[in-house]
Amino acid sequence: MLAGKRILLIIGGGIAAYKCLELIRRLRDRGVSVTPVMTRAAEEFVTPLSVSALAGEAVHQELFDLTKEAEMGHIQLSRVADLVLVAPATADLMAKMANGLAGDLATTLLMATDTPVMIAPAMNVRMWQHAATQRNLALLQGDGVTVVGPNDGDMACGEFGPGRLSEVPEILTAVERHFGGGPLAGKRVLVTSGPTHEPIDPVRYIANRSSGAQGTAIAEALLRLGAEVIFVTGPADVAPPKGVVLRRVETAREMLAAVEAALPVEAAVFAAAVADWRVRGASDSKIKKQAGQLPSLEFDENPDILATVAQMKAGRPALVVGFAAETDDVIANATSKRQRKGCDWIVANDVRPETGIMGGAENAVTLITEEGAEDWPRMGKRAVAERLAERLAAALT
Ligand code: C5P
């Protein structure tokens, strides 16, 4: 897929620059030629010697380099690649790119290039969140620049939050996607996520607990494998992933309508915590509190979205995956749920409060398929998502 491609890799000056060495190796493993360019600041973090040794090509550093200019002018250099990749893209580089500054070789190449540009930002969390950086990010996206990451996590500076350079496999997947690759390229996958809110009146509602973290991680993992992801989400705590086709809903019935409108899809993953009931005759105006009087609520059953799709006679997705959050007899309950709902797989998890899974960063799941139950070790929700997305890709191809 990537073999024979040429990438102009612009290495910015941040502590994450060391990951570029691994990135270059992995790109070259895939048959990609890497032409490295380093900013002056990048040289403070990695040596041009290491970069050129791994790339197998000389590093370009200076705008006014007479020897290199005679061999290949900087304008020509900006055009030789199939993709210009900036990693790490520092706050400073992003600002210069967004504003069209061209004071050194890297920024001149970025101004002169006619090939697509992808950036992998990396910086301190405050710098990432700063209004100026967010403004520059929006400008760059508006200019058609593809953005990979950044990730959340511990940072070299000791802080925690968004700003970490994406991991090398994530950058590779983004590059593969750029060139139309990935095992799920050309496949449409639907993901439901988050809770649904069922109104009691305009200010009150009933809902299930759900942060949306697992559904979001699954959508991101599917994107990384090249899928087109239709993400139908209720009001979740976590932000929806960038790059999905986003459908925001509130109630179960709205979620069902959005799901039906998204069909046909090759696979559907139902990670939403849909409320089983809605309030009968929800009030259009706020129910007034009156001393000594308690309102009584009656319920109607909500549609089961997973079962509706899994049991479709025509146009059923090839693979339908449900979730089962259980507190007792996890495997037995999930196995019978798979049968009852008619889905292909159930991802079962034990959500007893003492497991800390609900709202936490980790998950311990059992995958129930036609073949039986498969316990996965406890791992981060992102890791669960990666593994599920890979299984899904294997099942579809
Ligand atoms: O029946 P239960 O709610 O435990 O089933 C969980 C699975 O069914 C999840 O995959 C959830 O997204 C899905 N579901 C649904 N519509 C409902 C209830 C659950 O899609 N009304």
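Analyst: Helices here are DSSP runs of H or I with at least four residues and strands are runs of E with at least two, both numbered from the N terminus. By that count the protein has 14 helices and 21 strands. This is a predicted model, where local features need pLDDT of at least 70, side-chain atom pairs count only at pLDDT 80 or more, and totals for chains, interfaces and linings use all residues. Residues are numbered from 1 along each chain as its sequence is written, and side-chain values use heavy atoms, with hydrogens and water left out.

User: Where does Asp329 sit, and why is Asp329 called exposed?

Analyst: Asp329 is in the loop between β16 and α13 (330-341). Exposed means over 50% relative accessible area, buried means under 20%, and partly exposed is in between (1.4 Å probe, protein chains only). Asp329 has 59% relative accessibility, so it counts as exposed. Its phi is also worth a look: near 40°, a positive value in a residue other than glycine.

User: What makes the pairing of Asn124 with Arg126 a polar contact?

Analyst: A polar atom of the Asn124 side chain lies 2.7 Å from the backbone nitrogen of Arg126. The rule asks for N or O atoms within 3.5 Å, one able to donate a hydrogen and the other to accept it; residues adjacent in sequence count only if both atoms are side-chain atoms.

User: What makes a set of residues a nonpolar core, and which residues have the most contacts inside the largest one?

Analyst: A core is a set of buried Ala, Val, Leu, Ile, Met, Phe, Trp, Tyr and Cys residues joined through side-chain atoms within 4.5 Å. The largest has 33 residues, with Leu222, Leu388 and Leu392 having the most contacts inside it. Helix α14 gives the largest share, 7 residues. Leu222 touches residues including Val189, Val229, Ala389 and Leu392. Apart from this core lies another of 32 residues, among them Ile11, Ile24, Val59 and Ala122.

User: How do you know that the bond from Leu263 to Pro264 is cis?

Analyst: From omega, which is about 5° there. Pro264 is in the loop between α11 and β13. The peptide bond from Ala87 to Pro88 is cis as well, with omega near -10°, and Pro88 is in strand β3 (residues 83-89).

User: How much of the protein counts as buried?

Analyst: Of its 397 residues, 49%. Among contacts between residues at least 6 apart in sequence, 67% join residues at least 24 apart.

How values were computed: Contact means heavy atoms within 4.5 Å. Lists of a residue's contacts leave out its neighbours within four places in sequence.
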